[in-house]
Amino acid sequence: MGRTGGGPLSRRGRSSASYDESDVRVRPGRSSRPRTKTRPEHRDARPAMVVSVDRGRWGCVLDGDPARPVVAMRARELGRTPIVVGDEVEVVGDLSGRPDTLARIVRVAERRTVLRRTADDTDPFERVVVGNAEQLFIVVALADPPPRTGFVERAMVAAFAGGLTPVLCLTKHDLAADSQFAGDFADLDLSIVYAGVDDALDTTLELLTGRLTCFLGHSGVGKSTLVNRLVPDAARAVGEVSGVGKGKHTSTQSVALALPDGGWVIDTPGVRSFGLAHITPDDVLAAFTDLAAAIEDCPRGCTHLGPPADPECALDELPDKARRVAAIRLLLVALNSNESW
């Protein structure tokens, strides 16, 4: 079949003489696309608190109200910003909380306090456990599994360094009523409560009400059992202790639960170790502002905290001996040596 016209046919069946600029496709160069770091302002964002984290989805409660839960994803502009339970965030999108709806977290507020740990004392990567908690309940069983002084001291170091107030919470009092474990901490500036299955929880509730508190402890010490007593509808999984004295991990995710009379408790998975690779002695001392000031004001520039005592050291004039003893003891833990200081 013959062709008409004087030029070759294009793939469109047109002569090359009929080309125009619309027929030319030019691949844009890398610099031709305008780029900007401007992010949306999201002026309609609502404040919320993160209460759970699960595989790229964050459970939040609007305005801290447990009756207004939403599920949210992290907005693209946040990149890989870490978001943990207790964080205060701002969310946009579908805030109805209905099933299969999804909001977006667009801002994360600076944390007032933070509890961190490392896998061990040589691990360079620190893990944020919770944000903005006011208290750290160090939950320890008096028996089954046996209590460990070192764990309590390490948790106290992390609490002071992160701005939390530590509280020693002893469980399974019925199995070891004559335990002298609490006496190991009698000389420290540390509140101690008993919260076994047969113990009344009045004192414990008094400390918890109106505050955001993190529960931390080894597996099997009774954290989830205690949470179920404090929050009747929590329904946290409870497991028995294994035959080798170590607990089974029954809680696999951290979750914040609202107390009936106000306040929140954060139940965390049982920890096997508590590393302090990210902690320095200065981090501990900073929590004891009176001690830090006394060292700074010492006319001889004294930096010691332990014996032998310097008669001219301003530390000796401080009235609160318990705080001084606590600082010395926790500094030793941070230094990871019983022969230093």
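1. In this predicted model, strand S7 (residues 127–131) supplies the largest share of the lining of the largest pocket, namely three residues. The space in that pocket comes to about 420 Å³. It is lined by 19 residues, and Val84, Arg127, Val128, Val129 and Ser254 are the closest to its centre.

2. Sorted by class, the lining of the largest pocket consists of 10 nonpolar, five polar and four charged residues.

3. The largest nonpolar core contains 49 residues, and Leu115 and Leu136 have the most contacts inside it. Helix H1 (residues 149–162) gives the largest share of this core, with eight residues.

4. What does leucine 115 touch, leaving aside its neighbours within four places in sequence? Its contacts are Arg127, Val128, Val129, Val130, Leu136, Ala158, Ala159, Leu164, Cys214 and Phe274.

5. Strands S2 (residues 57–62) and S3 (residues 69–74) are paired in the antiparallel sense, over four bridges. Cysteine 60 lies opposite valine 70 of S3. The two strands make a hairpin with six residues between them, and in the turn aspartate 63 has a positive phi of about 55°.

6. S3 also pairs with strand S5 (residues 103–108), in the parallel sense and over three bridges. Here arginine 74 has isoleucine 105 in S5 as its bridge partner.

Definitions and conventions. Residues are numbered from 1 along each chain as its sequence is written. This is a predicted model: local features need pLDDT of at least 70, side-chain atom pairs count only at pLDDT 80 or more; totals for chains, interfaces and linings use all residues. Side-chain values use heavy atoms; hydrogens and water are left out. On a 1 Å grid over the protein atoms alone, a cavity is a set of points where a 1.4 Å probe fits but cannot get out, and a pocket is an open set with protein on both sides within 12 Å along at least five of seven lines; lining residues have an atom within 4 Å of a point. Grid points are joined across faces, edges and corners, and a volume is the space filled by probe spheres set on the points. Ala, Val, Leu, Ile, Met, Phe, Trp, Tyr, Cys and Pro count as nonpolar, Asp, Glu, Lys and Arg as charged, and the others, Gly among them, as polar. Two strands pair if DSSP finds at least two bridges between them. A nonpolar core is a set of buried Ala, Val, Leu, Ile, Met, Phe, Trp, Tyr and Cys residues joined through side-chain atoms within 4.5 Å. Buried means under 20% relative accessible area, exposed over 50%, partly exposed in between (1.4 Å probe, protein chains only). Contact means heavy atoms within 4.5 Å.
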